[in-house]
Structure formats: C-alpha cells, structure tokens
There are 2 protein chains.
Amino acid sequence: MSVTYAAGFLAAGVTAGLKASGGRDVALVVNTGPHKNAAVVFTSNRAKANPILWSQQVITDGIVEAIVLNSGGANCYTGAFGFQTTHQTAEAVGAALEVSAGDVLVCSTGLIGVGGQDFRDNVLAGVALAVPALTTTGGDDAALAIMTTDSKPKKSTIDGDGWRIGGMAKGAGMLAPGLATMLVVITTDAVVSPGDLDTALRDATRVTFDRLDSDGCMSTNDQVSLLASGASGVTPDAAAFAKAVKDICADLALQLQADAEGASHEIHIEVVHARSEDEAVEVGRSVARNNLFKAAVFGNDPNWGRVLAAIGTTTAEFDPYDVDVSMNGVRVCKSGEPDQSVDLVDLTPRLTHVLIDLKVADATATVLTNDLTHDYVHENSAYSS
Amino acid sequence: MSVTYAAGFLAAGVTAGLKASGGRDVALVVNTGPHKNAAVVFTSNRAKANPILWSQQVITDGIVEAIVLNSGGANCYTGAFGFQTTHQTAEAVGAALEVSAGDVLVCSTGLIGVGGQDFRDNVLAGVALAVPALTTTGGDDAALAIMTTDSKPKKSTIDGDGWRIGGMAKGAGMLAPGLATMLVVITTDAVVSPGDLDTALRDATRVTFDRLDSDGCMSTNDQVSLLASGASGVTPDAAAFAKAVKDICADLALQLQADAEGASHEIHIEVVHARSEDEAVEVGRSVARNNLFKAAVFGNDPNWGRVLAAIGTTTAEFDPYDVDVSMNGVRVCKSGEPDQSVDLVDLTPRLTHVLIDLKVADATATVLTNDLTHDYVHENSAYSS
C-alpha cells in the first residue's frame, strides 16, 4: 500500500512511454487533507536537477497538495527548456486537481541530460493518465512507477497509536550521502505541523539515508518528501512520531541497500568508541568507499588491512596501533596487530558486519554499504543510467 | 638500467622466498658516493607501515647510504615485532656494507598484516643474498624484485648535461594520492644537496604521483626516494635538474597508470579555468573517484552526466549551468546542457581524455585515473593483496 496506507492520500502509477522497458513511469500522490503539511529533504549535490530547483521553492511554505514523480529521465542538465518542463508538469497537475502549481512537488529520476521535447510530451501525457487513475489503493502502482534499475519496489508501513505512516522509495545506484540517491515519498494521516515534520524528517534522514553509502556516488535528483494529511484526526506523541519516521526511513534504507546494483553483500560498518558521531561516520564512510575492501568482501576475503588503510585516510582521532577490527564476530585485528586467524571468518552470508573499535571515546555510528562486484561493473558499464 | 643508470650506484634484486610466485623479492640499492645525499617523500596515510616509521627517522639528516626494499609483505600493522624486523633489516644492511644502519632506508610492499617470523627470516636472508650480488648493472633485477601485482617493471632514465638520472617504480593497486601507493627509487650522479633534492622531489611528486588516482585507495607503505651520488662531479643547473626529476616522475607515473590493476583505459582528466590549482585537482579527483563514471568508460559510454554529478560534490567554484565537458575531443556538454551527440565520441582507444572547462579563472590541473573493470574486481577479490 506504501503511500496510500495512511488515510487522506490518493495515488496512481501509469505508463507514459518514458521507460524503454514499457513499465510504469509516472507516479502521482495527492494529499486529500484536511491538512496539507509537508517537509522535504534534498540532495546536497551542488549540481541540482530541475525538479529539485522547483521543489525547493514549493516547500518553503510547508504546504504540499501533491507530488508527481517520473522515472525514465532525470531532467538534469537540460537547460531552461528542462526547467520549463518541470514547471509545466506542476501546472498540469495543479490544473487537473484544481490546486496551485506552487504546491506541487516534482521529482525525476533516470539518465542525466534527458529532458527534451519527447521527455516533456511523455511526462505531460503521464500526468493526464495519472489523474483519473488516482485511488486510495494506488500506492503499489506508484511504487512501481518510480523504479529505475531497482529489481523490486521498496515499500514500508508503520502503525502508530491511531495514525499510520507509509512510504515508498527507489534507488539502486548512485547510493551515497546527501542523500543516498533516491526518491522517497512518505505519507501520514497524523496531525503534524510542517515544522515538526521537518524536524522529524531531518533527524531521521541524518541517521538512515545519509548513512547509506553504497557506491560513493551522489545523485543530482535526490528528494525525500514527507506529507501529512491529518485525516486520522490524531495528534501523535512527538517522540513516537519521530521514532516512526526514523523507523520507516531505516526500513526503506535497508531495502535500498539490499537491492543495490549488482551487490552480493550488504555490509554494515559499525564504528564504536569514536570521539564524536561525525568522526565515527567519517571512519565508516572511508571504509564504505574503499574499492579494495569492497572487492575483497565480494571475494569473501576478510582483508582487514584494507580497512585499516582506509581509516588512516581520515581525520578522525585514533591510534593506528590501538584499534581493533572484527569481521562477522571474529576479531582479526587487535591493537593494530593480527589477532584471530582470518580463516575463522565466514563471509559467505550476504549480511556482513564489520566492527571497528577506535578506543577513543563513546560515540558510535553505523554506515551501510555494499560490496564491489562484477555485476556492479556490468550494470554500470553495459547500460547508460 | 633504472637505478644503476647514473654513476655511483650498485643494485641487486634477489629471490628470498617472500613471494609465492618464486620471483625476485628483495632489492638493494647502494650509493657508492662520493656524496650520500638524499630526499624522501612518504605516504600521507596516518596508518604508516613500520618501514615508513623507520625511514622517516633515517632521512632527517639528508644522508642515505643504501635502500633495501622487499615485496611479498607490507610489514604494516605487525606490532613491535614488525618494527624490530625493519630495524634488524637496516642493521643487517649496515653491517654488510660497513655503514650506519641509521643511514639505510627500508621499504616493504605486499599484504598488510604480513610481518611475522617467516617474513623476518626471509627478508634477512634476502639481504644476505643481495649484498654479494650488488653490481653496477643490477638496476633491472632490482626493478623486478619490487613488483607485486605489477605485470611489468617500471623503469625510466634521463640524460642531463654531464649527469644522469634513473629510476624504478612499483605499483598497480591502491593507486591514490599521498602518494599513489607505490615504491619509487630515483638515483642521480649529479652533485645536489639534500635540501635541493628535497625541493625538487616534492615539487615533482606534487604534480605527478600525487595526481595519479587510479582507485581512490591510499597505501600505508608509499615511499619515493631520491639518492644523489655526485659521481659525475657535475653540479647541474637547478631548473634543469628540477625538470629532469619532474620528467622522470611523470614518466614513471604514466607507467604505473598504464599497468593499473585490471584497467582497460588510461583516463586523463584535464580541468581548465578553475579558480585555483587546488580546486582543479579537487574537481579532477572527484571524477577520478566516481565509480559510475569509471564503469561507464569501461563500457565505452561517454556518460557526461556522471562527470557533472561528481563535480557537484566538490567545493570548487563553478556554475553548474556554465560548465563544458568534452570527451576525446567531442564537446558533449556545453554550459550545462547537452551539446554534440555522444554517438560522436569514440572511447575504444585506451587513452581517454576528459576536458572539463569550469570557466571561472585560469588555473588548470590534470588528474590521471583508470576505468573500473571486471578485471579490477577480479584481481582484488580473488586474491589477497
């Protein structure tokens, strides 16, 4: 049900000819109220796609009526024509729903540079098809329509105390911080102000999507939107709501990680006893981006030397000769020296746990990544995406 | 001839049992003078191998009698025992040559964590074999003995006006800045003071080895050494000598790039019209480290969107909508919009030229990298290195 699990939302996912595969490629999610509160977090990439530039304006007042998303083209680096396409898309949705185009978020995903006349025609045709297809059960179709190289749709739901929250996500490549190269739409029927939505969403993305660093590549089109209809009539406990947003973001992040392009391992890099959370993240990310380490995991080789070499490139406080590294529960390095035999480490399960103990202070963080595989190279060399 | 091209040097490369392949694995280069001047540049990785820690002390007075190098084990993260091994290695060389161990540089390369009793025994046996094998033509054997996953030795020579310079290098993986994960020994018979050697070497490595970023992974064992015997009796023109050092470093860097693990393309990323040289390097490096771009080049796909997405992650001054990108001479992106057809770009040659015009100011830099290939994944997953 994804984005239509909570009351007060309609959704549709239709086929507009954008995807060569002929699959659904335009999604529309509409908030039927009574509230139209929203918060959005955008990519930190300085090269921002046209839909990002547009949506950043839409969200300034915290009010969103609808969000329209397309796959099959990123509409990024497509010039003034591309921005006009985004504008026209919002106008078309606004006109059909009789709301202001200025309250319509737009998201695009696909190949950078795609955003010409054909793209515009297809997206606008998709809007025309999607509006009459809107239903209270359309969340599943919408989740299908935002997929690119994803092998499956990503959906999640959580029940609060008298309110619900649901969401969908897409993303399989360019998974890296700020955010993790994806589109995410989360909806709730709880009564929550735009400001509280914003706080909850930023707190959640900081420790979920921002900690997913599958391939170190940051997207130009990332957008995570949280829409609240208030249709339940229930004002949730703030902490409970914040936890639910964090939990649904964490669940969707794990689904993104599990479907990362070509991956054969999901790697959780847990850094403990760092001086600060930021330093723990920096250490985790340095390992997550080390191609040699990632290739070793693919080969089921517990190569802890590559972990330590990666840590050495950071600015985090640590003593290279007082650090421990464990892999899947076996401490292979103690105080910077070989400890238990690497032969004891079993890396055949998909889930891989790397524990790095910096022995400095009490901060901790976990960064999620994937291994570097032949399939990753194949998917990203054989096709343009 | 590599390190024995210049007068005043002896070298040897012997088989001591460190490499499973049975190849030569211990190299020794001796400066017979009359001068024993030297300069060394080390890895900037904070996790430094034992030979780095030792050699940093040796070079403080600018005097070096000999340098001993082994492949088949990095002697990094091997604890106090590993440091003692390095110390004993220098002592063994010093005793055999009747010089101070404190004037003997030590380098190791191979798997991190290897540095136990067997390693020590083999290295010391290698020293015992190498000393009687020293000859004025031993440079080729020495170049073979420092190879790890290299497919061929790297050697270069330059003739000055009455003086010579020669060098050898090893490195195929972990090629990234500070330095590019390698061992390099350069020798000259010119008369140059330690201070002038240091200046020339730092100026050269900054724009050569430090601009080689094959796989973003920084080593723990990098060391570039420059030894001057003064045997020619000629004091070179300072600018001519600096240029020769830069040229030999550039040539060796290109050889390292051409032999990078599994690569099918050498990619030269030229950034022009940047605000500063540092910003040009930052932009070039961001592209060099983008796995999606590197995989696209492997697939002969001129995916300029991935170039722009990478630039967007930097702090360099640029306008995302006023940047041009050319690939192998075809401008595929002009002012942030699609320009000439990507179908015009031929990426089948190994040599790939990416030109990024930031249109900000006059600084420029070129970063060297390689594509991300199946063979890279294979070499770094199927074997521990």
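Visitor: Let me start with one residue: where is the place of A:Ala228 in chain A?

Guide: A:Ala228 sits in strand S9 of chain A, which covers residues 223-228. Strands (E, at least two residues) and helices (H or I, at least four) are DSSP runs, numbered from the N terminus. This is a predicted model: local features need pLDDT of at least 70, side-chain atom pairs count only at pLDDT 80 or more, and totals for chains, interfaces and linings use all residues. Residues are numbered from 1 along each chain as its sequence is written, while chains are lettered from A and ligands numbered from 1 in the order in which they are written.

Visitor: Thanks! Is A:Ala228 buried or exposed?

Guide: A:Ala228 is buried, because 34 other C-beta atoms lie within 10 Å. Buried means 20 or more other C-beta atoms within 10 Å of the residue's own, exposed means 12 or fewer, and partly exposed is in between, with C-beta atoms placed from the backbone.

Visitor: And which residues does A:Ala228 touch?

Guide: Leaving out residues up to four places away in sequence, A:Ala228 touches A:His35, A:Asn37, A:Ala38, A:Thr188, A:Ala190, A:Val192 and A:Leu197. A contact here needs C-beta atoms, placed from the backbone, within 7 Å. A:Leu197 is 31 residues away in sequence, and its C-alpha is 8.0 Å from that of A:Ala228.

Visitor: New topic: where is A:Ser2?

Guide: A:Ser2 lies in the segment before strand S1 (9-14) of chain A. A:Ser2 counts as buried because it has 30 C-beta neighbours inside 10 Å. Among the residues it touches, beyond those up to four places away in sequence, are A:Gly139, A:Lys155 and A:Met168.

Visitor: How is chain A divided?

Guide: There are two parts: domain 1 (2-255) and domain 2 (266-382). Those bounds come from an automatic or database domain assignment. The C-alpha centres of domain 1 and domain 2 of chain A are 33 Å apart, and their contact takes eight residues from domain 1 and 12 residues from domain 2.

Visitor: Now the two chains. How many residues of chain A are in contact with chain B?

Guide: In chain A, 48 residues are in contact with 48 residues of chain B. H8, helix H9 (304-311), strand S13 (337-338) and H10 of chain A each supply at least two residues of that side. By class, the side of chain A that touches chain B has 22 nonpolar, 21 polar and five charged residues. Ala, Val, Leu, Ile, Met, Phe, Trp, Tyr, Cys and Pro count as nonpolar, Asp, Glu, Lys and Arg as charged, and the others, Gly among them, as polar.

Visitor: What do the buried residues of H10(B) pack against?

Guide: They pack against helix H8 (291-298) and helix H10 (374-382) of chain A. The buried residues of H10(B) are B:Tyr376, B:Val377, B:Glu379, B:Asn380 and B:Ser381.

Visitor: At what angle do H8(A) and H10(B) pack?

Guide: The angle is about 70°, and their axes are 7 Å apart. So H8(A) is roughly perpendicular to H10(B). A:Leu292, A:Ala295, A:Ala296 and A:Phe298 of H8(A) make the contact with B:Val377, B:Asn380 and B:Ser381 of H10(B). Axes are lines fitted to C-alpha atoms, for helices over the stretch in contact, with angles from 0 to 180 degrees between N-to-C directions. Angles under 35 degrees count as roughly parallel, over 145 as roughly antiparallel, 65 to 115 as roughly perpendicular and the rest as oblique.

Visitor: Last one: which peptide bond of chain A is cis, and where is its proline?

Guide: The bond from A:Gly33 to A:Pro34 is cis, with omega near 20°. A:Pro34 is in the loop between strand S2 (26-31) and strand S3 (37-42) of chain A.

Definitions and conventions:
Two residues are in contact if their C-beta atoms, placed from the backbone, lie within 7 Å.
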